[in-house]
Amino acid sequence: MTSTGLDVAIVGGGLAGGLLAIALRRKASELSFGLFEAGESFGGNHRWSWFEGDLDADGTALLDGFDKAQWPGGNEVRFPAHRRRLNSDYRSLDSRDFDAGLRRELPQEAIRTGSRVMGIDEAGITLENGERIAARVVIDCRDAGPSEHLTGGWQVFLGQHLRTSSPHGIERPVIMDATVEQPGAYRFVYLLPLGPDEIFVEDTYYADSPALDAPLLRDRIAAYAKEKGWQAELVHEETGVLPVITGGDFAAYRASLETPGVALAGARGGFVHPLTSYTMPIAVENALAIADAAARDLSGLPAFVEARAHEHWRRTAYYRMLGKMLFQAAIPEERYRVFERFYCLPEPLIERFYAARSSRLDKMRILTGKPPVPVTRAVKALLGKGAPLVQG
């Protein structure tokens, strides 16, 4: 069974694929496209956050159609040695609002949830039900997975949207509360006040293993809430295990996933912040660039995305180096000191860091001064090899 062909088939309805669909709708409206997602909703079960300054005017406009949480009072970090309030306003988008926004803006015929793609090639896709859909260009934005070609650690988290019986008293986002116990990993609690009596609490670890012990993290969130004096009920929960990439053979990684003639984008294509996992600014920038390129020359899109991926890998080498220092040079219980020191630096530098736009001077300043570990150990770690990002 073959359906009518499309100009563009986007496979994967997560952040990268969904934003690309919106960008195509606005920048290349003459092109027909479909957004194919295996699940029944777009975006999975996630929350994406970003700082106001991460996006330019075009990027901000791309997100105009989504309902999102916004805080005008800056943000905070908390460490054993110091606490700091920063001025940058914060934004957050829940995947349920992401799904609703896509359904409002995209053409009905482009919405293809519950459509698991089993086959993919340069001429189109084949769905699990046997339907064949021809496409001039296929863009693969499916989730990334573990790879023997990449090295590093993991960011493991469990987040809960809680409703408290009385006001919780948190006025602004707390990006990192690292005053908590550090049990063999860099651990912090992330807080987003969603209302006077609603708050998102996430327990996060920079760990050597991708193992996620959900009951343990639930217990730790409950203990944290009790310590704050909150009596709360659970509204919603999410979990995640994200790679923190410190090195590897990127060409081999891409080759292991690529299908000739298919554009490989999103996290699967390597378009991530290798250290922080803040993907919104990268996903927005990529969606706009790919949509512009599609409007100019659809046939050249796979080559355009390939070149862009390798440039992104080159541009983010510095963050992989920092990740290697974090995981290999610092003992797990002391890793928090790296971020504790980092948050003493000038605020514009911190903002550029999260957006993966650090200047040459920024990079020097981050590494200048007394390092978080002895220099000889840091250099040895930087020259060594990390563990492959393979589960099991």
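Student: What should I know about the model before I start?

Tutor: The model is predicted, with local features needing pLDDT of at least 70 and side-chain atom pairs counting only at pLDDT 80 or more, while totals for chains, interfaces and linings use all residues. Residues are numbered from 1 along each chain as its sequence is written, and side-chain values use heavy atoms, with hydrogens and water left out.

Student: How do strands pair in general, and which strands does S5 pair with?

Tutor: Strands of a sheet pair through backbone hydrogen bonds, either parallel or antiparallel. Helices (H or I, at least four residues) and strands (E, at least two) are DSSP runs, numbered from the N terminus. Two strands count as paired if DSSP finds at least two bridges between them. Strand S5 (residues 75-78) pairs with strand S6 (residues 83-86) in the antiparallel sense, over four bridges. S5 also runs parallel to strand S13 (residues 174-177), joined by three bridges.

Student: Which residues face each other in these pairings?

Tutor: In S6, Leu86 is opposite Asn75 and Arg83 is opposite Arg78. Val77 has Met176 in S13 as its bridge partner. S5 and S6 are linked by a hairpin through four residues.

Student: Are the two faces of S5 covered or open?

Tutor: In a regular strand the side chains alternate between the two faces of the sheet. Buried means under 20% relative accessible area, exposed over 50%, and partly exposed in between (1.4 Å probe, protein chains only). Both faces of S5 are covered: Asn75 and Val77 are buried on one side, and Glu76 and Arg78 are buried on the other.

Student: What is the strand order in the open sheet of three strands?

Tutor: The order is S3-S7-S4, with antiparallel pairing. Strand S3 (47-51) and strand S4 (69-71) are the edge strands, each pairing on one side only. From one strand to the next the twist averages 15°. S4 and strand S7 (residues 90-94) run antiparallel and share three bridges, with Ala69 partnered by Ser92 in S7.

Student: How do I read the angle between helix H10 and helix H11?

Tutor: Axes are lines fitted to C-alpha atoms, for helices over the stretch in contact, and angles run from 0 to 180 degrees between N-to-C directions. Angles under 35 degrees count as roughly parallel, over 145 as roughly antiparallel, 65 to 115 as roughly perpendicular and the rest as oblique. The axes of H10 (residues 347-354) and H11 (residues 360-367) come within 10 Å and cross at roughly 105°, so the two helices are roughly perpendicular to each other.

Student: Which residues meet where H10 and H11 touch?

Tutor: Contact means heavy atoms within 4.5 Å. Leu349, Arg352 and Phe353 in H10 meet Asp362, Arg365 and Ile366 in H11. These residues divide into three nonpolar, no polar and three charged. In this scheme Ala, Val, Leu, Ile, Met, Phe, Trp, Tyr, Cys and Pro are nonpolar, Asp, Glu, Lys and Arg are charged, and the others, Gly among them, are polar.

Student: How many aromatic pairs are there in the whole structure?

Tutor: Rings of Phe, Tyr and Trp (its six-membered ring) pair if their centres lie within 6.5 Å; planes under 30 degrees apart count as stacked, over 60 as edge-to-face and the rest as tilted. The search finds 24 aromatic pairs. One of them joins Phe51 and Tyr354, with ring centres 5.2 Å apart and planes at 55°, so the pair is tilted. Phe51 lies in strand S3 and Tyr354 in helix H10, so the pair ties together parts that are 303 residues apart in sequence. Phe51 is buried at 4% relative accessible area, and Tyr354 is buried at 2%. Tyr186 and Phe188 form another tilted pair, at 5.4 Å centre to centre and 40° between the planes. Tyr186 is buried at 0% and Phe188 at 6%.

Student: Is Tyr206 buried or exposed, and what does Tyr206 touch?

Tutor: Tyr206, in strand S15 (residues 198-207), is buried at 3% relative accessibility. Not counting residues up to four places away in sequence, the contacts of Tyr206 include Trp154, Tyr186, Phe188 and Phe339.

Student: And is Leu234 buried or partly exposed?

Tutor: Leu234, in strand S16 (residues 232-248), is partly exposed, with a relative accessible area of 47%. Leaving aside neighbours within four places in sequence, Leu234 is in contact with Gln160, His161 and Leu162.
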